[in-house]
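Here is a protein model to explore, with its sequence beside it.

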Amino acid sequence: MKIAILDDYFDTLRTLDCFARLAGHEVTVWTDHVQDTDVLAERLKDAEALVLIRERTKIGADLLERLPNLKLISQRSVYPHVDVAACTRLGVVLCSNLHSDTPSYAAAELTWALIMATARRLPQQVQSMKAGHWQAGIGDTLRGKTLGIFGYGRIGGVVAGYGRAFGMEVVAWGRPESLTRAAADGYRTAAGKAAFFEGCDVVSLHMRLVDATRGIVTGEDLGRMKPTALLVNTSRAGLIAPGALVEGLRAGRPGMAALDVFDREPLTDTADPLLTMTNVVCTPHIGYVTRDEYELQFADIFDQIVAYAAGAPINVINPEALGRRGP
């Protein structure tokens with residue numbers, strides 16, 4: 001098959017062990033990010049299979065209608081960036097392993113790195129030394145503080161374990177299923193959403209972005225947080241109501257934020273408020289960007305292509321599309 005890979009910024013996938021699974025296929029890798037439909041249509045005009053790296057590029061009906069050779073989109077995790085209805089109508093099969101049984105340890109580790117870096121003011125301390133100065137302010141100890149996990153699922157559970165290991169008191173909030181899982185693992189659950197935001201020193205968001213969770217963290221929620229509290233988001237920016245975080249940070253509640261996800265990605269506007277605030281630590285959506293995690297993710301993605309080429313597709317999201325464009 002003719003396979004196109006989008007948004008492989010550092011041309012990393014060719015260096016993975018699992019890339020050998022595509023032997024015998026014709027693979028084209030694009031290392032820049034493009035969202036222009038005309039450019040993408042030209043690049044992908046011969047592609048039979050398309051590999052997506054998470055949600056970096058939106059695949060809408062206007063693009064899909066200009067790709068008559070495309071039969072398969074292979075990716076991993078959720079797919080709010082793909083027009084599934086258009087795929088089905090046009091006979092493009094979407095395969096995505098939702099990995100519901102395994103947490104992303106890479107994302108959990110980055111979450112904890114952001115908590116540590118923000119609490120101890122590491123970016124400021126490093127910058128101070130590089131500028132020829134010595135200490136730049138004073139940090140905070142995590143032991144004895146309260147870590148709030150909003151959405152106790154696979155990743156949230158791992159982060160809760162890190163908090164426990166560091167001597168933090170862990171409290172959970174979320175859907176009833178989340179609270180049941182947290183309680184079963186020995187964690188306290190909040191009496192309510194208001195009490196959760198009021199009582200936590202660190203709040204970490206760990207939910208998928210779906211209609212029910214979009215904007216689930218409101219300005220009122222943030223306004224309940226302590227002026228010394230930290231909000232961490234390594235999940236999806238859309239979990240927070242539009243504009244609420246910037247407004248809250250300017251008002252001093254929460255006092256700090258650590259973010260790996262943004263409403264606009266890639267975020268390259270250096271004038272964006274989140275990049276200019278001294279009480280915000282930002283990373284460029286790297287929660288899953290480790291070599292080990294890539295090996296796990298792309299083994300699944302490439303296996304989906306191999307299975308489709310063999311006539312036995314796996315992890316099919318829209319089975320109604322099967323057979324509409326041939327094998």
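Which strands does helix H12 lie across? Helix H12 (residues 291-309) lies across S1, strand S3 (49-51), strand S4 (72-76) and S5. Helix H12 runs at about 155° to S4; axes are lines fitted to C-alpha atoms, for helices over the stretch in contact, and angles run from 0 to 180 degrees between N-to-C directions. Helices (H or I, at least four residues) and strands (E, at least two) are DSSP runs, numbered from the N terminus.

## About the model

This is a predicted model, in which local features need pLDDT of at least 70 and side-chain atom pairs count only at pLDDT 80 or more, while totals for chains, interfaces and linings use all residues. Residues are numbered from 1 along each chain as its sequence is written, and side-chain values use heavy atoms, leaving out hydrogens and water.

## The sheet

Now follow the strands. An open sheet has 5 strands in the order S2-S1-S3-S4-S5, with parallel pairing. Two strands pair if DSSP finds at least two bridges between them. At the edges are strand S2 (26-29) and strand S5 (93-97), each pairing on one side only. On average, neighbouring strands of this sheet are turned by 20° against each other, direction ignored.

Strand S1 (residues 2-5) runs parallel to S2 and is joined to it by 4 bridges. Isoleucine 5 stands opposite valine 29 in S2.

## Two nonpolar cores

A nonpolar core is a set of buried Ala, Val, Leu, Ile, Met, Phe, Trp, Tyr and Cys residues joined through side-chain atoms within 4.5 Å. Buried means under 20% relative accessible area (1.4 Å probe, protein chains only). The largest core has 29 residues, and Phe196 and Leu245 touch the most other members. Helix H10 (244-251) is one of the elements that supply at least two residues of this core; H10 gives the most, with 4 residues.

Another core, of 26 residues, lies apart from it and includes Leu110 and Trp112. Leucine 110 sits in helix H4 (residues 105-119) and is buried, with a relative accessible area of 14%. Beyond its neighbours within four places in sequence, leucine 110 is in contact (heavy atoms within 4.5 Å) with Asp260, Thr283, Ile286 and Gly287.

Cysteine 95 is buried, at 0% relative accessibility, and cysteine 200 is buried at 1%.

Methods: Buried < 20%, exposed > 50% of the residue type's maximum accessible area, 1.4 Å probe, protein only.
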